[in-house]
Amino acid sequence: MSLPAVPMNDLRRLFDSHSAELENAATDALRSGWWLNGARGKTFAADFGQYVGVEHCILVANGTDALELALSALVAVRQPTGREVVVVANAGGYGSTACWHNGLVPHFVDIDPDSQLMSLPAAIGAVGEQTAAVIVTHLYGGVVDVRALRTELDKAGYPNVPIIEDCAQAH
């Protein structure tokens, strides 16, 4: 007995529902000559920044660039002595690339089997004197409990280890 195929990531259905709107937006962007930092991008950044309640929202090409810039700022400002960055194994590729571009080394940790997000006990267990930062990745519509992670890092004696949030799918 064969089972019916379950459509995964059915972009055709999404496109069919919003084709006119998507085609207009794509055509406007193409005609403007701006892939990044054009009028639409600036409007998005302003609207998104207001939505999340921040004063500044800066667009970059992709999430890997955002992580690379965040780690670059961390290295420049904090000048950590440790070179390890704790990243979750199931989403560590982008964080790893950002680490390597900044002379840092990814330290992979396991996931919580229920949420598929970073296991907080695994992250705390991986943090040590060589830890420069922890990158948590929000995935699958779920978010890592960053406040709980901060509390546990503080309790473990690592109040100065920064947490960088990879908001891959948070918004």
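In the predicted model, Ala 132 touches Leu 74, Pro 80, Gly 82, Glu 84, Val 85, Leu 104 and Pro 162 when residues up to four places away in sequence are not counted, contact being defined as heavy atoms within 4.5 Å. Ala 132 lies in strand E3 (residues 131–137), helices (H or I, at least four residues) and strands (E, at least two) being DSSP runs numbered from the N terminus. With a relative accessible area of 4%, Ala 132 is buried, where buried means under 20% relative accessible area, exposed over 50% and partly exposed in between (1.4 Å probe, protein chains only). The C-alpha atoms of Ala 132 and Asn 160, which are 28 residues apart along the chain, are separated by 9.1 Å.

Because the model is predicted, local features need pLDDT of at least 70 and side-chain atom pairs count only at pLDDT 80 or more, whereas totals for chains, interfaces and linings use all residues. Residues are numbered from 1 along each chain as its sequence is written, and side-chain values use heavy atoms, with hydrogens and water left out.

Strand E3 is also among the elements that cover the buried residues of helix H4, together with helix H3 (63–78), strand E1 (84–88) and strand E2 (105–109). In H4 (residues 92–100), the buried residues are Gly 92, Gly 95, Ser 96, Ala 98 and Cys 99. Seen down the axis of H4, these buried residues fall within an arc of 165°, so they line one face of the helix, the arc being that of the directions from the helix axis to the C-beta atoms. The face of H4 turned away from this buried side carries the exposed residues Tyr 94 and Trp 100. From helix H3, Thr 64 is in contact with Tyr 94, Thr 97 and Ala 98, its neighbours within four places in sequence being left aside, and at 16% relative accessibility Thr 64 counts as buried.

In helix H2 (residues 39–52), Phe 44 and Phe 48 are four residues apart and thus separated by about one helical turn. Rings of Phe, Tyr and Trp (its six-membered ring) pair if their centres lie within 6.5 Å, with planes under 30 degrees apart counted as stacked, over 60 as edge-to-face and the rest as tilted. By this rule the count comes to one aromatic pair, formed by Phe 44 and Phe 48, which is stacked at 5.5 Å centre to centre with 15° between the planes. Phe 44 is partly exposed, with a relative accessible area of 43%.
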